[in-house]
Amino acid sequence: MTSDRKTSQRPLLQTNLPRRSLLAAGASLGGALALSGCGMRLGDLYTAVDTHVRDYPTVQAVIRFGELISQRTDGRLGLKMFAGGQLGNERDTLEITTFGGLDFNRVNLAPLNSIEPLTRVPALPFLFESTEHMRTSLDGDIGEEILASLEQHGLIGLCFYDSGSRSFYNTRGPITKPEDMRGLKLRVPGSDLYVGMVKSLGADAVPMPLDEVYQSLAQGVIDGAENNWPSFESGKHFEVARFYSLTRHLLAPEVFVMSKISWDKLSADDQAIVRQSAKDSVPYMRKLWDEQVARSMKIVTESGVAVNEVDPAPFTEMMTDMWEDFLDTPEQRALVERILALREGGA
């Protein structure tokens, strides 16, 4: 492994993470790399992190990406995956990635919303009318513009991965109309947009890392949360939150990024290999994702969770009213218009 990696002198992401936590994460990372035998490699072994468990589709897609860059560089480049939140939650590892302490990171849009306005666009509730609409929108120029906007923040956006449709689940009872959400304490990722979305429905938003949700549900700290089928199932949240209401309010994607510090050390040829390998991992991820959704649905429904369909109309009206609160720039509004124009039959 090369030894000339340097940390940024001016971090582009700010955090409230205590210094001891950053040091602990760094120590964990260093110890794990030492165990991996990285120092005995002839080439570079890059680090990648994901908060999801190892068999989750995004983790497997990044592992496939690592196989591709290894094959295409005759083993000069390789990848070590740290899954399951081994090195911290997304906000913390994203900070370390901007420092160059981690090379690759798969993150939700939420921690990016606070640093780059364009990432709020695909996170808007009810923007995408279907999975196909989301994929069509983000596989082209619109997606490339959003990914490119991350470079000024110390990150190279490589590709988008699916995150499915997100719906609300809770411990109290089925949600059939917005009024059913009044007073519920619902976990959201750490993003003002997610907080505003939940508040628009009359619920109380509680920003919280994903790895704290199960215990918080079990102890009554929160009443519920919102997420996709695989996260609801793989995080075991369905064991304590027995009501899943299919609002399908979000089709926001995940993002695969690389530290710009690490990126700048690659040759132009290797940069091209990294970009193409990331793009080539997307169809593989989507195949795994569709299969995982089917498995998770089966596990959840067979466990006896009460799953109910929801008329989206009243939710759509209330949640799209808050769009303007988060569209601050002409560039954001232009992207929204372009995405709406790609709906079946136009906006």
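Both faces of strand β8 (residues 224-227) are covered, with Gly224 and Glu226 buried on one side and Ala225 and Asn227 buried on the other. Here, buried means under 20% relative accessible area, exposed means over 50%, and partly exposed lies in between, for a 1.4 Å probe and protein chains only. The structure is a predicted model, in which local features need pLDDT of at least 70 and side-chain atom pairs count only at pLDDT 80 or more, while totals for chains, interfaces and linings use all residues. Residues are numbered from 1 along each chain as its sequence is written, and side-chain values use heavy atoms, with hydrogens and water left out.

**The chain as a whole**

- The protein chain contains 14 helices and 11 strands. Helices (H or I, at least four residues) and strands (E, at least two) are DSSP runs, numbered from the N terminus.
- Of the 347 residues of the protein chain, 53% count as buried.
- Among contacts between residues at least 6 apart in sequence, 77% join residues at least 24 apart. Contact means heavy atoms within 4.5 Å.

**Strand pairing at β8**

- Strand β5 (residues 166-170) and β8 pair in the antiparallel sense over 4 bridges. Two strands pair if DSSP finds at least two bridges between them.
- Within this pairing, Phe168 has Glu226 of β8 as its bridge partner. Glu226 is also one of the buried residues of β8.

**Helix packing: α6 with α14**

- Two packed helices are described by the angle between their axes and the distance between the axes.
- The axes of helix α6 (residues 141-148) and helix α14 (residues 330-341) come within 10 Å and cross at roughly 155°. Axes are lines fitted to C-alpha atoms, for helices over the stretch in contact, and angles run from 0 to 180 degrees between N-to-C directions.
- α6 and α14 are therefore roughly antiparallel to each other. Angles under 35 degrees count as roughly parallel, over 145 as roughly antiparallel, 65 to 115 as roughly perpendicular and the rest as oblique.
- The crossing of α6 past α14 is left-handed. A crossing is left-handed if the near helix is turned anticlockwise from the far one by less than a right angle, and right-handed if clockwise.
- On the α6 side, Asp141, Ile142, Glu145 and Ile146 meet Leu335, Arg338 and Ile339 of α14. By class, the contact of α6 with α14 has 4 nonpolar, no polar and 3 charged residues. Ala, Val, Leu, Ile, Met, Phe, Trp, Tyr, Cys and Pro count as nonpolar, Asp, Glu, Lys and Arg as charged, and the others, Gly among them, as polar.

**Helix packing: α2 with α11**

- The axes of helix α2 (residues 57-72) and helix α11 (residues 268-302) come within 8 Å and cross at roughly 145°. α2 passes α11 in a right-handed crossing.
- Residues of α2 in this contact include Pro57, Phe65, Leu68 and Arg72, and those of α11 include Ile273, Asp280, Tyr284 and Trp289. By class, the contact of α2 with α11 has 12 nonpolar, 6 polar and 3 charged residues.

**Residues with positive phi**

- Lys236 has a phi near 65°, a positive value in a residue other than glycine. Lys236 is placed in the loop between α9 (229-234) and β9 (243-250), and is partly exposed, with a relative accessible area of 39%.
- Arg248, another residue that is not glycine, has a positive phi near 50°. Arg248 lies in strand β9 and counts as partly exposed at 38% relative accessibility.

**Individual residues and their contacts**

- Tyr214 lies in helix α8 (residues 213-219) and is partly exposed, with a relative accessible area of 32%. Leaving aside neighbours within four places in sequence, Tyr214 is in contact with Gly235, Lys236, His237, Glu239 and Val240.
- Arg135 is found in helix α5 (residues 131-138) and is buried, with a relative accessible area of 17%. Beyond neighbours within four places in sequence, Arg135 is in contact with Asp162, Arg286 and Asp290.
- Ser262 belongs to helix α10 (residues 260-263) and counts as buried at 4% relative accessibility. Not counting residues up to four places away in sequence, Ser262 touches Gly100, Leu102 and Asp103. Ser262 and Thr97 are 165 residues apart in sequence and 9.1 Å apart in space, C-alpha to C-alpha.
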